[in-house]
Each structure stands twice: as C-alpha cells, then as structure tokens.
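Please keep the structure open while reading.

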Amino acid sequence: MNYVSAENLSKSYGIKVLFKNITFHVNEGDKIAIVAKNGSGKSTLLKILMGKEIADGGDVAINKDIQVVLFDQEIDFDPKLSVEEFMMTLDSAPILALKKYHHALTSDNPDHMETALAEMEIHKAWDLENEMEQILSQLKITDLKAKMGTLSGGQIKRIALAKLLTETRAEHRHTLLIMDEPTNHLDVEMVEWLENYLSKAKITLLLVTHDRYFLDAVCDKIWEMEDGNLYLHNGSYATYLENKMIREDNLNSTIDKAQNLYRKELEWMRRQPKARTTKSKSRQDDFYETEKIAKTDTRKQALELDFEMKRLGNKILELKNINKSFGDKVLFKDFSYQFQRGEKVGIVGKNGAGKSTLLNIIQGFEPKDSGEIETGETIKFGYFAQKGLQYKEDERVIDFIKEIGENFPLANGKTISASQFLRLFLFDDQTQYSPISKLSGGEKRRLHLMYILYQNPNFLIFDEPTNDLDLPTLTVLENFLQNFQGSLIIVSHDRYFMDRIVDHVLAFEGNGKIKEFVGNFSEYREHLKNEEKNPKAETAKVEKVEAPKETETPTVAITQPTKKKLSFKEQRELETIEKEMPRLEEKRAEILEQLNNESDYDKISKLSSELETLSGKLEEFEMRWLELQD
C-alpha cells in the first residue's frame, strides 16, 4: 500500500535552494531515516508532508486512508494540565471511549456504563490503558498527577513521546509516524527500549536522527539530502556510507575528465572569431556545461587539521575525595580520579545522577561539599555546554569566529584562516557571511562547537555534544577528537559517538557510587549484561584489549583476582546477604507482576515507589556482595 508519493518537489528560501525536483515514495512498512547536514531542508520536508508548509513546485499525494503523526522538537501543551490529563487529550476513538468509561465509573446512571462498555468493546480499548502505563513507565514517568508546567524540558519531551506512541497504538488506521530526533533527552536505557519498540512494531516510519546505532537497529532505508538532491539507499548506515563514497569517487572522476576537456575547449573558445556558426554555437553551449562540472567544489570534507595545541604539563587534573549532595540525594561520595595526558573519558548514567554537576565542579562553576581539586597550570579548558550560543543579533558567522583570531595555528608552524576552519565544519562561503540569527538551530549548535574548538583548548569538556548535531558534522567532530592530543571528558547518550572516542568510562550508578571501567561504551554495556546474567560470579578485573583490525570488534580480557580471607564478621555478613538477596529478588518480581496487571494510577505510583526502594536495597547488597567476594 502506497502512503506518500512526491514528484519533482522543490523548495527554496530566497537564493538558498533546499531541494530541487526530488521524487520519492513511502510504502506501508517502510522504516526510513533521513540523513543530511543541518540547514539542508530535513525539517522543511517533514513540514511539507504534514501540510504545515507549501512546496515551491512539484506534487505531494498522501493516501486519504492514512493518518500522519509528527513527533517534533517543539511541543505544545497546557501547563495547567496534569500528566494524566495531557495524555488523555488524544483525539482518537479508543481514547474517547476510555475517557467515557472512566466517567461512567463515577456516574450513578447505569445507562452511562452500558454505553461506555459497548464503546470500549467496539474500539478495542481495553488494553489501551495498560499499554499507556507501560510506555510511561519505560520512559520513567511515574507521577501522573504532576502538572506539566512544573516539569523539565526532558520530562516534557518523554511525556510527548509516550503520548505519540499511545496514539499510534490507539488508532487502528494506517499511520505514518514522523519522528524528528526522538532520542534527545533520553538516557541509554530509554533509547534502547525505544529502539526495540520501534524495530518490532508494525509501523511505517520516517525518522530524523543523529544516533547511528538507533538508525541501524530501526531503519532499513536511508534518504540522503545533499546539495539540493535526494539520494535513496536500501540497507544499513554502513551501506549508505559505502554508496556515498562510490558516488563521490565517480563525481571526482567526472570532474577530472571535465577539467581536461575544459582546458582544451577553453583554448578553442579563445581562438574562435566573434561570429559563430550553428555548429560552433552548439559546441559553445557544451563548453559552458563542461565548465560548470569542471569547477565543482568537492573540498568540503577534505580539510584535516594537525593543530598546535598548548603544551600539557605533568599535572593534568586530579580529584581527591570529592563529595556533593542536594539534601538527602547523594550525587558522589569520596570520589577520586586522576586524569592522564591524552585520556578520553566518557561519563554515563541516568538523568539526574550528577554528571553535569561534576563537570561544573571541575571548572569551578559550582561548589563542592568537600574534597580537593588540583588543576595543572598549563590546562586550558574548552567547555561545550547544553545552553545556547550567545551572540549579537546582526553579527555574521565569520566575524563571530574572527573575534577570537584571524588564524588558527597548525603544528607545522603554518596557520589556516578562520574561513578555512569554518569550511572544515561545513560552513560554506555563503553561510559564513550570513547573520547568525538566520542559521537553523542545528547550525547554531555547530557554530557553538566550532567557537569552542577555535580557542585551541588542551582539555575539552563536552556535555551532550551530539544533541541537534547532524551526522556529517558528527563525522567531522569524531575525526577531530580522535586526533586530539589533549585530555577529554564527554557526557553523552550517543553510543556510537562514545565508542569511537572514549577509552575510559565513569559510570554514575546512583547513591553516590561511581564505577571506573577501562574500555569503550559498548564494552562497558556488555560487562553490565554479563553481571546481570551471573550476579553471583566472582568479581573480575576488566581490562581493554585492542581488537584485531580485520574485524574491528572489541574484546575483553578477564583475569581472576587473588582472594583474601574474610574475617568472622565479614563471613557472617556475606551469609546474611546471600540469604536476603533471593528473598528481595522474589519480592521485586512480585511487584513487577502487579505493575503489569494494575490499572489504578494511585496503586501504580505506590508500587513504583516500593520497586525503587527495593531495587536500591538490592543494588546495595549486590555491591557489598561483590566487595566481600573480592
């Protein structure tokens, strides 16, 4: 079944062409990812499909038997509504039947209940409420009475996502689900749940995302938007990269041939008299077409930097017994860590665990409760935070960068200009001389990143750098950071990005506990899964081993530690824990079973609170059990 067909679609803003004469089709069951640099027209294309914008030319036909649902970056809501009320504002027949049923439960009129039950049956709404609760629970939304106006931006984003997924499940019509960066503001567990949910669901999906693992797990087709064209790829992200490389190699070959022909034709053009025959006029037209190809610029990805970084001394950064709490909530307790030259550390953990707080404490933006921080005299921090870029309203991109300096120093003693540095991060000449206020949100984010790097720091601190960055920019950034000789701290939920960059992981596990792991992010996740499968296995020291280059698959070497004899008191403690843990596990399983079958919101809230307390106690026992075993 065909959902959407577009023929020769075009859209421009002034002299900037977003896309020209593109043609595509969306069929039932397609799961498509759109890949492009910011400002290429991804969001505009989605708005055209939603009917929120009008194309300059071409035709879009949307099947009248389908509904199109959009999950956007901008979320409209009434701040006075509770989470429960916001969820129930869905305009679908099953939701309306559910609302009528809830009203009938408090009504004295038996006819109301009879009507409500009939509608619940007709619209197959009985399982909907349970599905809604499960989705909210997976996205860590437990307080359904909270007012929308009191929630953080990340919480609102997750609730809006839950509402959209519920709407998709509630409607029994054919649905095209359009999602613009759905993984922003989700922690790794939520991203993996959503990834699994969308990959298994029988839905038709059009997706914009920078998360390459998510893209690979969910989508089977990739649309690439570049230079006003649309290229269609069937298969994985790796297949898209391979196809793109082949296309660019072919383009470069065509340009080389055109340049050789151009030189010959240019000589012919200069020899010709002003009066043209019909035959020479035709050759003249061919010359101008050849000239256009010969002068095609393919340098946008070619520039690489070997930059001159400020020298790092012997002392980099050392944290000694750092403590920080907010009321009863302990973020970290007696945390110590010594950063090494060239070390690339990834910080992971659930939202609210204290990751950003640690970054602020390191730089002196926020006070610690106790402990010491020693920073080397040569350290120059570069901090890329989640807050927006600060700039003058009419300031041009090139002038904003030149405020730091006209040139950027390279290791060979040479320099490159501010304009060349901008080009490395995909700002073409036209964009460089545009006002910053005219940039898209993603382009401003990219400029902010460039502004940090152009100051040539030797210790980079990145807090969620990949949010709102496009895939081409992420590739440039990753290449930049892989060659970066200084130290680096990254807080990110982007698993692909972390795997390419980090060599150490600091995992914020809650209740003030921070675990150090030597290896990349996927190795750390695999280690966690092994612990979950066999929680009573002997503790192992995990060290990173370089994977064979042929497979590029990370491996983990495990060496058994030397055991020490327990004291009598420790032996009794170990025996008590081993008796209590199975009992707590059984109780936890009972609560999970109740949650799956419970429909009363108050009971769900109470059970969720019990589950959180029980899980915390289990975690304490497990950690202490591992310590005693060690």
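Met 179 has Leu 207 in S7 as its bridge partner. The model is a predicted one. Strands S6 and S7 (residues 204-208) run parallel and are joined by 5 bridges. Between them the chain passes through helix H7 (residues 188-200), and this β-α-β crossover is right-handed.

S6 also pairs with strand S5 (residues 66-71), in the parallel sense, over 6 bridges. Here Gln 67 has Thr 175 in S6 as its bridge partner. Strand S6 (residues 174-180) is mostly covered, with 6 of its 7 residues buried.

Strands of a sheet pair through backbone hydrogen bonds, either parallel or antiparallel.

| Strand pair | Sense | Bridges |
|---|---|---|
| S14 and S17 (residues 459-463) | parallel | 4 bridges |
| S12 (residues 344-349) and S19 | parallel | 5 bridges |
| S19 and S20 (residues 513-518) | antiparallel | 6 bridges |

Gly 382 is partnered by Leu 460 in S17. Ile 347 is partnered by Leu 506 in S19. Val 505 is partnered by Phe 517 in S20.

Why does strand S19 count as largely enclosed by the rest of the structure? Of the 7 residues in S19 (residues 504-510), 6 are buried, so the strand is largely enclosed. S19 pairs with S12 in the parallel sense and with S20 in the antiparallel sense. With S20 it forms a hairpin that has 2 residues between the strands. Asn 511, in the turn, has a positive phi of about 55°.

**Helices across the sheet**

**A loop residue**

Thr 378 sits in the loop between strand S13 (370-375) and S14. Is Thr 378 buried or exposed? Its relative accessibility is 17%, so Thr 378 counts as buried, the cut-off being under 20%. The C-alpha atoms of Thr 378 and Ile 316 are separated by 8.0 Å, although the two residues are 62 residues apart along the chain.

**The whole protein**

The protein has 20 helices and 22 strands. It has 630 residues, and 46% of them count as buried. Its accessible surface comes to about 32900 Å². Carbon and sulfur atoms account for 47% of that surface. Among contacts between residues at least 6 apart in sequence, 68% join residues at least 24 apart.

How values were computed:
Residues numbered from 1 in each chain as written. Predicted model: local features only at pLDDT ≥ 70, side-chain atom pairs only at ≥ 80, totals over all residues. Heavy atoms only, no water. Buried < 20%, exposed > 50% of the residue type's maximum accessible area, 1.4 Å probe, protein only. Pairing = 2+ DSSP bridges. Contact = heavy atoms within 4.5 Å. Areas by Shrake-Rupley, 256 points an atom, 1.4 Å probe, with all protein chains shown as cover. Right-handed = clockwise from strand over helix to strand, strands pointing away.
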